[in-house]
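Thanks for coming. I will show one structure today and walk through a few of its parts. Please have a look at it first.

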Amino acid sequence: MGTTGGGVFKTTDGGGSWTPVSDRYFGGTIGAIAVAASNPNVVYVGGGEFPIRGNVSHGDGVYKTTDGGRTWRYMGLVETRQIAKIRVHPNNPDLVYVAALGHVWGPNSERGIYRSVDGGETWKQVLFRNDSTGAVDLTMDPQHPNILYAGFWQVGRKPWKLVSGGAGSGLFKTTDGGDTWTEITRNPGLPGGIIGNVGISVSPVQSDIVWALIEADSGGVFRSGDGGETWTRVNAERKLRQRAWYYTRIYADTKDTNIVYASNVSFQRSTDGGKTWRNIRTRHGDSHDLWIAPNDNQRMVEGDDGGANVSYNAGRSWTAQTFRTAQFYHVITTNHFPYRICGSQQDNSTICGSSKATSSATADWYPAAGGESGYLAARPDKPDIIFGGSYGGFLERMDIATGTQRNINAWPLNPMGHSAIDAKYRFQWTFPIVISPHNPDVMYIGSSVVFRSTNEGESWEAISPDLTRNDPATLGPSGGPITKDQTSVEYYATVFTIAESPREAGVIWAGSDDGLVHITRDNGASWINITPPDLPEWARVSMIDASPHRNGTAYLAANRFQMDDNAPYIYRTTDYGATWDRIVTGIRAGEFVRVVREDPVRQGLLYVGTERGVWVSFDDGNLWQSLRLNLPPVPIHDLAIKDGDLIAASHGRAFWVLDDLSPLRQLSAEIVAKNAHLFASRDTYRAAGPGWDGATVHYWLRRPNQRVVLEFLDARGKVVQEFSSDPDSTTRAQRAQERARLDSLEALGVMAASARSSDRRQDEGQGGFRRFVAQARQVPNRAGHNTFKWNLRYPDAVGFKNMIMWSGSTVGPVAPPGTYTVRMTVGDQTETQTVKVLQDPRSNASQADLDEQFRFLIQIRDRASEANNAVRTIRNVKKQLASRQAAAGGRGSRLTRMATAFVAAIEAVEGEIYQVRNESGQDPLNFPIKVNNQIAALSGVVASAEAKPTVQSYEVYEMLSAELQGYLDRLHGLLGQDLAGINTELERLGMESITPSTVEIE
């Protein structure tokens, strides 16, 4: 599956699940995928897509895998930018054709049809029309693969319009594998006049049957029965050619010459050769692609704005579309605890969700205000009140708590079908919505002017003049000359970004999508044009970030990709825009920028989002470094910083969070020069559940493989837990098991990076335990930055092998709120930092309550250890005794008589402490649990919430403790007097006496 923005995904279970397979090699939007029929491990991928929206992401050429997606090679054609189709010879995987649309935003000669006869090592352009017309479709006759048909489309975009159609558009045919081509655009039966987008498909069943879907005044579905020599228009319905630039795809069935499919707003099928059509319901609207199995026309994969869905019954049912491929335009965070992340998804709803999961992956997410394209803004004082926008100037207020919604458009005049010049106020596809950092009642939105409301949208006032160039040449029809596309999506000359200074109320910055920057320092009474002098004309001022540290300082991200210029543009001013410095050193030349943010804690620490990732600067933008890490190479449209985390809104791979910016905020040249350095840790919350990782320790190592010891100490200096970089036997075994698992997945073509198990696992305990992440035992010791997470737990209770309990666990208590110390030792170097464990803000418990809860849990833990150590001791003594009996042989008849009675007595005690008949997890339902399980289960009850233990918990503990003590006293007597008699007999036999121990003997 080729995604829009997010690279390539693969399924090995027929669409039940999908895994990204290109992240280590390439990303961005995928325009075409072709699997070689003669060798399915050979796959070609072309970057860029032909539905060239205004926010379309370009590609970088062709990539190839010969091992089913485990590894990829770059095969060139970088300047093709948008690849619409790839076709591979059915018997020769090295003979491949590429249909290249070319640059979206400007003329270029690298368009047309390319052919390679050596598997992509070299390419030849075998059909070229002109520098403004590219190949948009390509179909190969599988029975005669030297016969191919190509569709060409003359198309171009400016930021304010799309021009679809011209003299270059048309249809071509080759019968010699591409050596020569014949134009068939004006063959009898095809439309005259201007031709726009075209789709074409040859029947795999009967080579002479060809279908074409053509954008033209007299366009529609055309059928040829003689290989394209003559044609008949069989359908002219607009439902097949509405928004023709975005769709216009047609597909011949692989078994039946009467069946043909088409993509448009709805996925459609004809069973009478294209004369009549009916909609086929899929998982999502806006259909774009279709693959039908050559040997089974019931099996197909349809691609739409929701992704890929697979059918095994010709579209009667489909697999689910559950991929992390959302295209977000913006991201905001709320002041809930834990904070929530919100954004607007292309062709889907706006959405909000907790930054820390509380249940399943989807249950934590819910729709918010606005539509697919808009900004969101949440009141900081009432975070359930959220505002969201969308195209057409749509603006909505929503109360998440009650679900109530209200339309509060600043100018509620529907613009659909009208040109921008007709509008009194122009609203862009993703117009800004900003709440004042000084007054939550004040909200700003961007149109051709800046609007302000002080009453949640009840009323609006324009507080600026038109802050754009307002050039009539950019305000005309969007679309044409055949099909207009007047959705207001391409409305131009608008205020695209607004930022009020967090330090100075009434200092407001505004940037337009046509390249102007203004500032007001008197709350909108007057505005000054402060556009950077060297900002090229028509640059989109994508984001302005006003510094939280310095008056008069702001950062500006601009881009000109819609002018066919992919250079990064970032500017800095420290004097309210009087002067600007361009700050792009270090960022790759082709990575244009959409967003810049300054860290709210460390002055001059900057982050930017580019078309391929995230970059960071530690020196106020003078030098940039990649911060992509494990982030896929995906367009980043927005960034937010909240509670020490960096949140990225990707346009193709959903939200990503870089947890804990502490080391970036502290990093310096002096630290990097040290052999080892322990960073100060951020405060952590004593909160339970998925996503709460405990205390994160960051440290730097100049050299790898040094022995690292981390100790966590309480306020009295007592060591709570100690961990080292030395692997234990369990870790070694787990690594071997994980390696075997990855090997098996890699054999299927699943990338190890995407299949690797997470280190974040929940505890196995059942019942009332508040879930905390299981503790990793081994400390990493790689060169560079390392992290280790303490799950805030004190050491576990003692257990024993094969112990089975119901709603009981040996897990240790969570540390109470307080200040702890982490001590790192690397060789002879020791460093310490404090770790503050804060109470969950949602808890009403007092510190005294939590201290008492912790004290009691320690008491229960230790009592559970005593119970389990008794079992260990009994089993240890039994093992020793059995060993002595075996060694005594025939000399030990008296020893055997004594041992039989003794073992029966201690086993009776063991059976009272632990249910020895348990052999599987559900056995406790059949064999009643014993006192050790009951004590462990009580721990879960006491730990189930942040609260002082209940009175009845103390009462049950006293009862269980007294019961256990009776068994321990009996065992003490048996291990005293009775064992002494056995040891006397052993001494008489000249054998070693038995010393009770808790050591488990194999």
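At what angle do α5 and helix α7 (residues 931–942) pack, and how far apart are their axes? The angle is about 165 degrees, and the axes are 9 Å apart. Before going on, some ground rules. This is a predicted model, in which local features need pLDDT of at least 70 and side-chain atom pairs count only at pLDDT 80 or more, while totals for chains, interfaces and linings use all residues. Residues are numbered from 1 along each chain as its sequence is written, and side-chain values use heavy atoms, with hydrogens and water left out.

Helices (H or I, at least four residues) and strands (E, at least two) are DSSP runs, numbered from the N terminus. Axes are lines fitted to C-alpha atoms, for helices over the stretch in contact, and angles run from 0 to 180 degrees between N-to-C directions.

Back to the pair. α5 passes α7 in a left-handed crossing, where the near helix is turned anticlockwise from the far one by less than a right angle; clockwise would be right-handed. Contact means heavy atoms within 4.5 Å.

Now α5 itself. Helix α5 covers residues 847–888, 42 residues, and reaches 61 Å from its first C-alpha to its last. That is close to the 62 Å expected at 1.5 Å a residue, the expected span being 1.5 Å times one less than the number of residues. Just after α5, G889 takes a positive phi of about 60 degrees.

Next comes helix α6 (residues 893–913), whose axis comes within 10 Å of that of α5, crossing at roughly 160 degrees. These two are therefore roughly antiparallel as well, and their crossing is left-handed.

α6 passes α8 in a left-handed crossing. The contact includes F902 and I906 of α6 and L971 and L975 of α8. By class, it has 17 nonpolar, one polar and five charged residues.

C342 lies in strand β28 (residues 340–345) and C352 in strand β29 (residues 350–354), so the pair ties together parts that are ten residues apart in sequence.

Last, the backbone. A cis peptide bond joins F337 and P338, with omega about -10 degrees, and P338 is found in the loop between β27 (328–333) and β28. The bond from G480 to P481 is cis too, with omega near 5 degrees. Finally, Y576 has a positive phi of about 60 degrees although it is not a glycine.

Key
Angles under 35 degrees count as roughly parallel, over 145 as roughly antiparallel, 65 to 115 as roughly perpendicular and the rest as oblique. Ala, Val, Leu, Ile, Met, Phe, Trp, Tyr, Cys and Pro count as nonpolar, Asp, Glu, Lys and Arg as charged, and the others, Gly among them, as polar.
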